[in-house]
Amino acid sequence: MTLAAIAVLGGLAVLVWSADRFVDGAAATALHAGMPTLLIGMVIIGFGTSAPEMVVSAFSAAQGNPGLALGNAYGSNISNIALILGLTALLSPIAVTSRVVRKELPILLLITVLAVGQLFDGFISRMDAWVLLGVFFVLMGWSIFQGMRSRHDSLEADVDVTVDVEPMPLRKALFWTVFGMLLLVVSSRILVWGAVEIARAFGVSDLIIGLTVVAIGTSLPELASALAATRKGEHDLALGNVLGSNLFNTLAVVGIAGAIHPMPVDSIVLWRDCTVMGGLTVALLVFGIGIRGSGGRINRLEGAGLLVIYLSYNAYLVSQVLAAV
């Protein structure tokens with residue numbers, strides 16, 4: 001039990017650090033390759049911060065723990081909106097001015113509806129997984145198209161500041177891209193082993209472990225990125241990272257896990273976890289687009305409300321665990 005706890009804590013620490021190195025290296029490599037900075041923000045930084053969720057869920061599914069994979073993906077989505085955006089908005093209201101970000105908000109809601117709809121039969125089949133992955137690749141193509149044609153967007157200005165602060169030499173960028181990914185794989189495997197052992201020791205489902213401890217841990221790169229961007233006034237980058245991460249979690253993370261190992265889904269996931277995730281996504285759409293559709297903001301009161309929802313949801317999960325012990 002002690003070794004499992006050390007594996008979870010150590011695995012999470014290395015996972016967060018290596019994810020940060022991987023994203024920095026990949027973004028710098030893309031910059032050296034001549035990729036537009038808006039595209040780097042949308043694809044490399046936005047989706048790259050979800051690398052921990054992808055690797056952890058892939059290992060979980062491969063080892064026959066689909067609940068951990070699904071809980072990690074959906075729990076991270078809930079953490080991204082309620083914890084990360086709630087906390088950052090409480091510190092500094094998040095203004096939404098980017099046209100690209102406002103276009104992604106309704107897309108995230110539609111994809112959430114698609115993903116939830118697949119759960120009504122109580123199973124994520126390989127066909128369901130390939131549908132999710134197919135939509136993901138279409139979305140990637142759309143993101144590249146948008147990144148190439150959208151110029152002078154406020155998100156591009158935010159990314160320009162981020163990637164140009166400390167230009168990384170190409171050799172160093174390639175090293176951190178490769179080494180960061182290797183560390184991601186190793187630390188994810190250690191984390192999954194520890195999480196499964198703890199779940200067995202306490203007699204709780206791996207779904208609960210995935211929704212709480214693992215989801216919070218794998219969301220730490222997004223939290224660090226959002227706080228750093230907000231401190232610099234880069235609000236669109238903070239929100240764009242969360243949107244990109246949630247899109248990646250819902251499509252690629254669940255898709256890859258389901259393709260590796262089809263997943264039975266308990267009905268409680270629908271009425272408890274998907275209800276919270278869907279409600280938060282709707283709230284984010286309303287906050288982000290604004291009443292007149294000209295650009296919205298997440299103010300401190302709304303940020304506090306998101307945090308209250310997050311704490312209430314996790315308190316409920318903990319109460320279920322205690323009741324089962």
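V282 is partly exposed, with a relative accessibility of 38%. That value lies between the 20% and 50% limits, so V282 counts neither as buried nor as exposed. V282 sits in helix α12. In sequence, V282 and T112 are 170 residues apart. In space, their C-alpha atoms are 9.8 Å apart. The model is predicted.

**The chain as a whole**

The chain has 325 residues, and 57% of them are buried. Its secondary structure consists of 13 helices and four strands. Take the contacts in the chain with a separation of 6 or more: residues 24 or more positions apart account for 88% of them.

**Helices α9 and α12**

Helix α12 covers residues 267–289, and helix α9 covers residues 206–218. The two pack with their axes 13 Å apart and at an angle of about 10°. The angle is under 35 degrees, so α9 runs roughly parallel to α12. On the α9 side, L207, I208 and L211 take part. On the α12 side, they meet V269, R272 and D273. The contact comprises four nonpolar residues, two charged residues and no polar ones.

R272 and D273 also form a salt bridge with each other. Their closest N and O atoms are 2.7 Å apart. The whole structure contains one salt bridge.

**Two serines in helices**

S60 belongs to helix α3, residues 51–62. Its relative accessibility is 0%, so S60 counts as buried. A polar atom of the S60 side chain lies 2.7 Å from the backbone oxygen of V56. Beyond its neighbours within four places in sequence, S60 is in contact with N65, P66, L68, A69 and V192.

S187 belongs to helix α8, residues 170–202. S187 is buried, at 2% relative accessibility. Which backbone oxygen lies 2.7 Å from a polar atom of the S187 side chain? It is the backbone oxygen of L183. Not counting residues up to four places away in sequence, S187 touches G11, V14, L15 and S18.

**P66 and its contacts**

P66 is one of the residues in contact with S60. P66 is found in helix α4, residues 66–91. At 13% relative accessibility, P66 falls under the 20% limit and therefore counts as buried. Leaving aside neighbours within four places in sequence, its contacts are S60, D206, M263 and P264. P66 and I260 are 194 residues apart in sequence. Their C-alpha atoms are 9.6 Å apart.

**Accessibility at a glance**

| Residue | Relative accessibility | Class |
|---|---|---|
| S60 | 0% | buried |
| S187 | 2% | buried |
| P66 | 13% | buried |
| V282 | 38% | partly exposed |

Helix α12 holds V282, which is partly exposed at 38%. Helix α12 also contributes R272 and D273 to the contact with α9.

Key
Residues are numbered from 1 along each chain as its sequence is written. This is a predicted model: local features need pLDDT of at least 70, side-chain atom pairs count only at pLDDT 80 or more; totals for chains, interfaces and linings use all residues. Side-chain values use heavy atoms; hydrogens and water are left out. Buried means under 20% relative accessible area, exposed over 50%, partly exposed in between (1.4 Å probe, protein chains only). A polar contact is a pair of N or O atoms within 3.5 Å; within protein, one must be able to donate a hydrogen and the other to accept it, and residues adjacent in sequence count only if both atoms are side-chain atoms. Contact means heavy atoms within 4.5 Å. Axes are lines fitted to C-alpha atoms, for helices over the stretch in contact, and angles run from 0 to 180 degrees between N-to-C directions. Angles under 35 degrees count as roughly parallel, over 145 as roughly antiparallel, 65 to 115 as roughly perpendicular and the rest as oblique. Ala, Val, Leu, Ile, Met, Phe, Trp, Tyr, Cys and Pro count as nonpolar, Asp, Glu, Lys and Arg as charged, and the others, Gly among them, as polar. A salt bridge is a side-chain nitrogen of Lys or Arg within 4 Å of a carboxyl oxygen of Asp or Glu.
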